[in-house]
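Please open the model in your viewer and keep the selection panel at hand. The stops below proceed from one selection to the next.

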Amino acid sequence: MTSKNRTDQWAGPAIETAGLVKTFGDNRAVDGVDLRIEAGTVYGLLGPNGAGKTTTVRMLATLLRPDGGEAHVFGHDVVREADAVRTRVSLTGQYASVDEDLTGTENLVLLARLTGHSKKASYDRAAQLLDAFGLSEAAARQVKNYSGGMRRRIDIAASILNTPDLLFLDEPTTGLDPRSRNQVWEIVRAVVAQGTTVLLTTQYLDEADQLAARIAVIDKGKVIAEGTKGELKASVGAGAVHVRLRDAHQRPDAERLLRQALDADIQLEPDPVALTARVGNGSSNGAGAAEKASRALAELAHAGITVDNFSLGQPSLDEVFLALTGKSDHAETSPQPPTKQAQQQTKEATA
Ligand SMILES: Nc1ncnc2c1ncn2[C@@H]1O[C@H](COP(=O)(O)OP(=O)(O)OP(=O)(O)O)[C@@H](O)[C@H]1O
Ligand SMILES: [Mg+2]
């Protein structure tokens with residue numbers, strides 16, 4: 001079955017949608033989504049709760065019928081050729097694919113048998129997957145007794161049993177501890193290395209950052225930004241130098257020096273001892289920025305300005321999301337004006 005999929009002649013994108021719409025009553029959950037996802041890549045669909053991620057995935061996986069627009073998976077229309085799509089995709093995440101009462105081995109063997117493997121091949125494949133997913137010790141235990149992280153891993157193991165051409169991972173690491181998240185990330189990388197295309201939905205900006213070659217940011221059913229993570233980051237500046245001074249009175253001097261040394265816009269933070277320099281867009285991939293930043297620090301020291309704290313960072317995808325939507329990913333009520341505490345500090349500093 002796998003080999004048949006692999007020799008498929010389709011050379012176009014794994015997924016292509018045009019004006020995809022899904023409404024629930026008055027709610028346009030997916031509101032005209034255009035996507036193009038190249039085969040063999042991880043594509044991130046990033047957005048907050050209720051953005052329309054799962055609804056999009058369910059339409060692409062033929063579980064939900066679109067109300068408008070079109071979607072093709074490996075060239076097959078998800079409505080008219082749903083069967084052809086189904087043979088190529090696998091879905092995991094917010095859906096149970098395994099039987100809680102069966103053991104890890106039993107689940108995988110059952111699935112392998114159902115998809116036409118011989119008894120021996122099924123046991124071999126199950127053992128191989130359990131080993132790869134660090135579940136060998138739990139192989140004989142009922143899945144209902146697995147921890148959350150183990151459960152997520154057996155879900156993914158089940159969904160890649162037959163090496164699908166396209167794997168949907170709907171929030172595969174929500175609620176997992178950092179170690180389990182890392183394990184899932186490793187698995188995703190291994191799956192992609194075998195040629196599978198992955199559509200990953202996530203609310204975690206760092207997850208999309210870690211895994212996805214391209215990312216669509218979606219909010220209220222619409223794609224509000226799309227590109228490589230580099231492009232998304234560049235849209236808010238290549239990087240930021242954060243500086244905290246010992247003495248607020250030295251900030252005007254520091255501002256002038258940093259502007260010259262870094263050739264950057266300097267932002268005065270609400271905190272009266274803090275400044276941020278947005279290091280310009282373009283090719284500098286951190287190395288150039290770091291060199292410039294250390295030279296700037298030396299100049300500050302030379303001018304007798306004491307720096308308490310200093311950091312150089314790429315903008316996080318969180319900052320990208322904030323820049324795009326005007327609100328932070330997690331908080332609806334992200335206060336843009338200075339906080340009370342910062343205003344208080346400003347007053348103290350100017351008193
Ligand atoms: N079966 C349904 N019936 C009615 N409304 C629905 C249904 N499924 C989703 N919605 C609504 O559609 C919108 C998008 O939901 P969706 O589940 O696609 O969001 P999501 O991006 O996956 O969010 P989350 O990160 O919380 O999983 C939400 O307003 C949701 O309430
Ligand atoms: Mg969802």
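In which helix does Thr56 lie? Select Thr56: this residue belongs to helix H2, where helices (H or I, at least four residues) and strands (E, at least two) are DSSP runs numbered from the N terminus. The model is predicted, so local features need pLDDT of at least 70 and side-chain atom pairs count only at pLDDT 80 or more, while totals for chains, interfaces and linings use all residues. Residues are numbered from 1 along each chain as its sequence is written, chains are lettered from A and ligands numbered from 1 in the order in which they are written, and side-chain values use heavy atoms, with hydrogens and water left out.

Thr56 is buried, with a relative accessible area of 1%; buried means under 20%, exposed over 50% and partly exposed in between (1.4 Å probe, protein chains only).

Next, select ligand 1 and the 14 residues around it, of which Asn49, Gly50, Lys53, Thr55 and Glu171 come nearest. A residue counts as near if one of its heavy atoms lies within 4 Å. The shell divides into 4 nonpolar, 8 polar and 2 charged residues; nonpolar covers Ala, Val, Leu, Ile, Met, Phe, Trp, Tyr, Cys and Pro, charged covers Asp, Glu, Lys and Arg, and the others, Gly among them, are polar. Helix H2 supplies the largest share of this shell, 3 residues.

Display distances from the oxygen atoms of ligand 1. A backbone N or O atom of Gly50 lies 2.8 Å from one oxygen atom, and a side-chain N or O atom of Lys53 is 2.7 Å from an oxygen atom of the ligand. For Gln203, the distance from a side-chain N or O atom to a ligand oxygen is 3.1 Å. Strand E2 (27–37) and helix H2 (53–60) are the elements that give two or more residues to the shell.

Of its 43 residues, Val42, Leu108, Phe133, Ile154, Val188 and Val198 touch the most other members. Helix H7 (residues 178–193) gives the most to this core, with 6 residues. Another core, of 27 residues, lies apart from it and includes Ala51, Ala61, Leu64 and Ile218.

Finally, display the whole protein chain, which has 13 helices and 14 strands. Buried residues make up 46% of its 351 residues.

Technical notes
A polar contact is a pair of N or O atoms within 3.5 Å; within protein, one must be able to donate a hydrogen and the other to accept it, and residues adjacent in sequence count only if both atoms are side-chain atoms. A nonpolar core is a set of buried Ala, Val, Leu, Ile, Met, Phe, Trp, Tyr and Cys residues joined through side-chain atoms within 4.5 Å.
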